[in-house]
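Hi,

Here is the structure I promised to pass on.

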Amino acid sequence: MRVLVIGTGGREHALLDALSRDPQVTELHAAPGNPGTAALATNHDVDASSGDEVAGLAQRLGVDLVVIGPEVPLVLGVADAVRARGIAAFGPSGEAAKIEGSKAFAKDVMEAAGVRTARSEIVDNPAHIDAALDRFGPTWVIKDDGLAAGKGVVVTADRAAARAHAADLLESGRPALFESFLDGPEVSLFCLVDGETVVPLLPAQDHKRVGDGDTGPNTGGMGAYAPLPWLAEGATEEIVETVVRPVAREMVRRGVPFSGLLYAGLAMGAEGPAVVEFNCRFGDPETQAVLSLLESPLGQALSATATGTLAELPPLQWRDGAAITVVLAAENYPGAPRKGDVISGADGAGIYHAGTARDADGRLVSHGGRVLNVVGVGDDLAAARADAYAKLDRIKLPGSHFRTDIGHQAL
């Protein structure tokens, strides 16, 4: 099986690493890829958001499967363009990807499917902000209604900060989504979905805020761990039956069946799981931890999903133990990150490139906000944490920062 992975980040590097362990995968390509993926695959320069370019490259390479990592190409219909050339694509259609691309669409689907989620309201007029603030709070959740790479959300008890974020969104021409605050710890559950067939992966937990103790602004994710030792037995099955499968059925009913990876971000409150958000692709940085524990061949699972044979896939097998991802971020992230600093010590297993490049002298340098994803694996969460942080100690990047408490609360 020849596979082409679309994307440039740590998620795509981790996908390629897992695909390289599948005995049926004979050839790997990445587009555009990064310096880390170049060690596993042949990188190709392509506009990942162009359906014509991606489909054309897939056709020229003669690949059997295209795996589309990021949300933007999926929302723009790149998977449709690939399938139109007769090539299997792992990733939903542009219409189905609206489950992430439009929070209003996702809310409508959940309401029709009877799935618990936060009460919400779209505000598109600055004159209506104060009245909406009165109807929500005292913890305000204000979201960008479209794609914002995980950084369009403000959760705050400060009314002025909530108002400022809503006003900024409207000033930029984007509606603001007001939501009621959902209590309870958050869980990320990835599910392979093929129409009404749902196969869950291991549950994980992301750490969104930039600082230890969940302080500071939201980011695209500063770390994650899996599995969740505190999660009640049977919780994964409950999420599948009360959240994921009803949504999958509703999308089939609407004529926009979902095919690919459906990511449910949930708050596990006293009344059971409630949806915080849906993503239409593998989440980052949970993917790196979850796939580190997968023993089943990933290529075969993705291919079965893409070709409509997921129901025939044998049960997924997982290694015992735990895994965590810790994100090494550039100076000033999640603001405008400093780029071009030389990185050393970033070799070895479990280090995935997320925002790196080669300079004119061939040196590895920072080239984004989240620079590296460092994954530790062990017999338990404590051992996995020790493994990850020992690897981080060997990496040098001027001005970089990372959270020291990923997975700590679970211990």
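Let me start with a proline: Pro227 sits in the loop that runs between strand 15 (223–226) and helix 9 (235–253). Helices here are DSSP runs of H or I with at least four residues, strands are E runs of at least two, and both are numbered from the N terminus. The peptide bond joining Ala226 and Pro227 is cis, with omega at about -10 degrees.

Before I go on, the ground rules: this is a predicted model, where local features need pLDDT of at least 70 and side-chain atom pairs count only at pLDDT 80 or more, while totals for chains, interfaces and linings use all residues. Residues are numbered from 1 along each chain as its sequence is written, and side-chain values use heavy atoms, with hydrogens and water left out.

There is also a cis peptide bond between Asp284 and Pro285, this one with omega at about 20 degrees. Pro285 belongs to the loop between strand 17 (272–279) and helix 10 (286–292).

Next, the backbone at two non-glycine residues. Asp214 has a positive phi of about 55 degrees and lies in the loop between strand 13 (209–211) and strand 14 (215–218). Its relative accessible area is 41%, so Asp214 is partly exposed (buried is under 20%, exposed over 50%, partly exposed in between, using a 1.4 Å probe and protein chains only). Asn332 has a positive phi too, at about 85 degrees, and you'll find Asn332 in the loop between strand 18 (322–329) and strand 19 (351–353). With 49% relative accessibility, Asn332 counts as partly exposed.

Now the rings. Phe, Tyr and Trp rings (for Trp, the six-membered one) pair if their centres lie within 6.5 Å; planes under 30 degrees apart count as stacked, over 60 as edge-to-face and the rest as tilted. That rule gives five aromatic pairs. One of them is Tyr389 with Phe402, a tilted pair at 6.0 Å centre to centre and 40 degrees between the planes. Tyr389 is in helix 12 (381–393) and Phe402 in the segment after helix 12, so the pair ties together parts 13 residues apart in sequence. Tyr389 is buried at 13% relative accessibility, whereas Phe402 is partly exposed at 30%.

Phe90, Phe190, Tyr263 and Phe282 make up one aromatic cluster.

Last item: Arg119 lies over the face of Phe136, 4.3 Å from the ring centre (the criterion is NZ of Lys or CZ of Arg within 6 Å of the ring centre and within 35 degrees of the ring normal).

Cheers
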